[in-house]
Amino acid sequence: MIYIIMGVSGCGKSSLGAFLSEKLRWPLHEGDSFHPEENVAKMARGEALTDQDRFPWLLRLHDVIERARGSNSDALVACSALKRLYRLILLHGSKALPTSTSSSPLPHSLPGVFFVFLHGDYQVIRQRMVARRGHFMKADLLDSQFDVLEIPAEEQEENVLRLDVKKSIPDMAVEVEKHLGSFKSPK
């Protein structure tokens, strides 16, 4: 099983991922560490990333997801995945890029891969971003993240579990564990 923890910057992706990683003993692949240096520098200067900036990063994360799927391993991936296109790239790699010659539509979900969408009020998330220290993503870029965000489709279409960031990290983790438990076969 693979959970891609998604949402705007400051919503708690890394915190929930770290908590779940320790609790479930699954590896956490922190999306921020897969950004090319140019992307980190751009965000540190307060510049929003473009689709072209994000594509190489998303393809790197797709490779991580494919390795986990290929080895039948459980994994957690923290990644903003703000647009539907970005989520498709995470699932299907270069076949989902706008320049791809693939003629058939790609499915919006894959068996065993789920998006955990952390959603919440702009002001709550902005307060968290202002309070955090040592992160390259500036709070001033939150507007651009909300502008770009395409809310994931209903649960079945994009395999999404929605969690409100007003909940505590342990409470959100319980929801993920319940979701995970619903896929275990009865003994």
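Colleague: Why does His-62 count as buried?

Modeller: This is a predicted model, and in it His-62 has a relative accessibility of 11%; buried means under 20%, so His-62 counts as buried. His-62 is in helix H3, and, not counting residues up to four places away in sequence, His-62 touches Ile-89, Leu-90, Leu-91, His-92 and Gly-93.

Colleague: How is the packing of H3 and H4 described?

Modeller: In general, two packed helices are described by the angle between their axes and the distance between the axes. Here helix H3, residues 51-70, and helix H4, residues 84-92, pack at an angle of about 35° with their axes 7 Å apart, and their crossing is right-handed. On the H3 side the contact is made by Asp-51, Arg-54, Phe-55, Leu-58, Leu-59, Leu-61, His-62, Ile-65 and Glu-66, while H4 contributes Leu-85, Tyr-86, Ile-89, Leu-90, Leu-91 and His-92. Sorted by kind, the residues of this contact comprise 10 nonpolar, 2 polar and 3 charged.

Colleague: What makes the phi of Asn-72 worth a remark, given that Asn-72 is not a glycine?

Modeller: Most residues other than glycine have a negative phi. Asn-72, although not a glycine, has a positive phi of about 55°, and its place is in the loop between H3 and strand E3, residues 75-78. Ala-81 also has a positive phi, near 45°, and is likewise a residue other than glycine; Ala-81 lies in the loop between E3 and H4.

Colleague: Are Asn-72 and Ala-81 buried or exposed, and how do you know?

Modeller: Asn-72 has a relative accessible area of 73%, and since exposed means over 50%, Asn-72 is called exposed. Ala-81, by contrast, has a relative accessible area of 0%, which falls under the 20% limit, so Ala-81 is called buried.

Colleague: Why is Asn-159 counted as buried, and which residues are in contact with Asn-159?

Modeller: The relative accessibility of Asn-159 is 14%, and with the limit for buried set at under 20%, Asn-159 therefore counts as buried. Its place is in the loop between helix H7, residues 155-158, and strand E5, residues 160-164. Leaving aside neighbours within four places in sequence, Asn-159 is in contact with Ser-109, Leu-110, Val-113, Phe-114 and Phe-115.

Colleague: What makes the pairing of Asn-159 with Val-113 a polar contact?

Modeller: A polar atom of the side chain of Asn-159 lies 3.2 Å from the backbone oxygen of Val-113, and the cut-off asks for N or O atoms within 3.5 Å; the distance therefore meets that cut-off.

Colleague: How do these details sit within the whole protein?

Modeller: The secondary structure comes to 8 helices and 5 strands, following the pattern β-α-β-α-α-β-α-β-α-α-α-β-α along the sequence. Of the 187 residues in the protein, 45% are buried. Among contacts between residues at least 6 apart in sequence, 72% join residues at least 24 apart.

How values were computed. Residues are numbered from 1 along each chain as its sequence is written. This is a predicted model: local features need pLDDT of at least 70, side-chain atom pairs count only at pLDDT 80 or more; totals for chains, interfaces and linings use all residues. Side-chain values use heavy atoms; hydrogens and water are left out. Axes are lines fitted to C-alpha atoms, for helices over the stretch in contact, and angles run from 0 to 180 degrees between N-to-C directions. Helices (H or I, at least four residues) and strands (E, at least two) are DSSP runs, numbered from the N terminus. A crossing is left-handed if the near helix is turned anticlockwise from the far one by less than a right angle, and right-handed if clockwise. Contact means heavy atoms within 4.5 Å. Ala, Val, Leu, Ile, Met, Phe, Trp, Tyr, Cys and Pro count as nonpolar, Asp, Glu, Lys and Arg as charged, and the others, Gly among them, as polar. Buried means under 20% relative accessible area, exposed over 50%, partly exposed in between (1.4 Å probe, protein chains only). A polar contact is a pair of N or O atoms within 3.5 Å; within protein, one must be able to donate a hydrogen and the other to accept it, and residues adjacent in sequence count only if both atoms are side-chain atoms.
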